[in-house]
Amino acid sequence: MAEAGWDFFFGQGGASLPGVVRFDGAAGRHIAASVSRWLSAFGLAVGIGVPLGLALGLSRRGADLLDPLVQGLRSIPITAWLPISLVWFGLGEGAARYLVFIGAVFPIVIATADSAARVPRHLVDAALMLGTPVRALARRVYVPAALPGIVTGLRLGLTLGWMSVIVGELAGQQSGVGAMMFAARAVGRLDHIIVGMATFAVIGLIGDVALRAASRRFVAWSDG
Amino acid sequence: MSLRATSSGTLSVHGLHKSYGAVHVLDGIDLAAAADEVLAVLGPSGCGKSTLLRLVAGLEAPDAGRVTFGDQVVAGPSPRRPMVVQGATLFPWLSLHDNLAWGPKATGHPDPSAVVVDLLEATGLAGFADTRPGQLSGGMRQRAAIAQVLANRPPVLLLDEPFGALDAQTRLRMHEWLRGLLGERPATVVLVTHDVEEALLLGDRLALLSPRPCRVLDVLDVPFGAERGRATLSDPAFVALKADVLERVLSS
Ligand SMILES: Nc1ncnc2c1ncn2[C@@H]1O[C@H](COP(=O)(O)OP(=O)(O)OP(=O)(O)O)[C@@H](O)[C@H]1O
Ligand SMILES: [Mg+2]
């Protein structure tokens, strides 16, 4: 296995299959491709999911209408999004990123909506009685009060997004850890498949630890 | 700020009715508090005391009747009529300094930090500017919650069982502290409580409420001077009045 890892990361002279990914040891390139898909789609999921979740959480009618929709959509497995994303985006980068976005956005929307709806009424009242204008409530009260819950949603979204990367890389990608693993399967390199899985585990863990470290300062108040 | 100069006036409620669905809570409440008077409101648990204060604060609208302050009808929450609720109205993610600065900032005070430093001093919290509410004791949190709304120099202060969650000794210290504070910074106070002793120690007048649907049974003057504290508790007149009021509350 150590040897397989060595091959995977540093190459062993470029075994290749025509038309498939080359085993030229370009692990860095594969990892960079996967991580870039992951983070760009996650960023979009945050940018759309947090405001949407806030809107849902703060409006009763919005929650009534959209909550079942979001919950329903969420129960579609990520692989079931693959055919439609291929129809919409064709084979390529767009479909891959779209799948990662889908994987990440639902937990973010749901956690944000849920924690915004749970912000205690007395905090909102307190802000109003201190002279805070209604239009400033979202930014000054709801977002900070809901932040611990939002961060939980971000962590879940980051992890589910990363898990969706491999599905996205089924959509005809030439690069990426997932693409490398499918190519390895085609040439019977089980060792490379397992190193790919370990790579997923390690990078997913690093992402979660980094997100937690980055958010700790903002949510420290909520753990006692 | 010069809010106070234009603000003094009588705080009154006229014929206030409020129901939640089939639950008839307030059944025609009439009360008034003169400028800088402390009106204690005593009523049994669940009779609608908090509801009454929320209407006075403008957080909810009455089904009938109205709340007026001076010549204005109350139509919504205002930094001039803040309500401090038992439990925390402090923002748990902010330091004490930022909690106290919130009001002055929101109302455009030129120097929020100066206000905060003053108030932390007046509330005995000077060493805790950088502490978050969750790390304070219960008594300190209540003082901080009151200081937070006082930062806007409100002419009216609405207190909903502010010391209800504290132990007896801490509560007595809080009573003495609040009397001192109101001596320095007078305000029209409506203090809601179900503690007879608290009502008699802090109130200039005392309104007795009935069980739900809630009405005003009686309003009495509290015949003790400004110097009330732990010594007052053993004053025979205080003991007798306390027993009398308790009897009336229990038999209503
Ligand atoms: N938003 C609401 N919706 C429905 N019912 C409510 C609401 N607020 C209060 N009530 C009901 O109104 C009644 C009075 O409540 P309120 O909190 O005003 O009483 P209280 O005198 O402050 O009680 P406590 O002594 O427990 O603080 C209660 O029966 C309560 O269940
Ligand atoms: Mg109450």
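Predicted model: local features only at pLDDT ≥ 70, side-chain atom pairs only at ≥ 80, totals over all residues.
View 1. Contact means heavy atoms within 4.5 Å. Helices (H or I, at least four residues) and strands (E, at least two) are DSSP runs, numbered from the N terminus.

**View 2. Four strands of chain B make an open sheet.** Read across, the order is β2-β1-β4-β5, and the pairing is antiparallel. Two strands pair if DSSP finds at least two bridges between them. At the edges sit β2 (23–33) and β5 (72–73) of chain B, each pairing on one side only. Zoom in on β4(B), residues 64–69: two bridges link it to β5(B), and Thr68(B) stands opposite Val73(B).

View 3. A disulfide is a covalent bond between the sulfur atoms of two cysteines; the cut-off used for the sulfur pair is within 2.5 Å. The whole structure has zero disulfides. Cys47(B) is buried at 1% relative accessibility, and Cys214(B) is buried at 0%. (Buried means under 20% relative accessible area, exposed over 50%, partly exposed in between, using a 1.4 Å probe and protein chains only.)

**View 4. Ligand 1 and its surroundings in chain B.** Now look at the oxygen atoms of ligand 1: a backbone N or O atom of Gly48(B) lies 2.9 Å from one, and a polar side-chain atom of Ser50(B) lies 2.7 Å from one. For the side chain of Glu161(B), an N or O atom is 3.4 Å from a ligand oxygen.

**View 5. Helix α6(A) is mostly covered.** How many of the nine residues in α6(A) (121–129) are buried? Seven are, among them Leu123(A), Asp125(A) and Met129(A). The cover includes α7 (137–168) of chain A, plus α2, β6 (83–85) and α3 (96–106) of chain B. Just after the helix, Gly131(A) takes a positive phi of about 95 degrees.

**Notes.** Residues are numbered from 1 along each chain as its sequence is written, while chains are lettered from A and ligands numbered from 1 in the order written. Local features need pLDDT of at least 70, side-chain atom pairs count only at pLDDT 80 or more, totals for chains, interfaces and linings use all residues, and side-chain values use heavy atoms, leaving out hydrogens and water.

Technical notes: Near = heavy atom within 4 Å. Polar contact = N/O pair within 3.5 Å; in protein donor to acceptor, adjacent residues only side chain to side chain.
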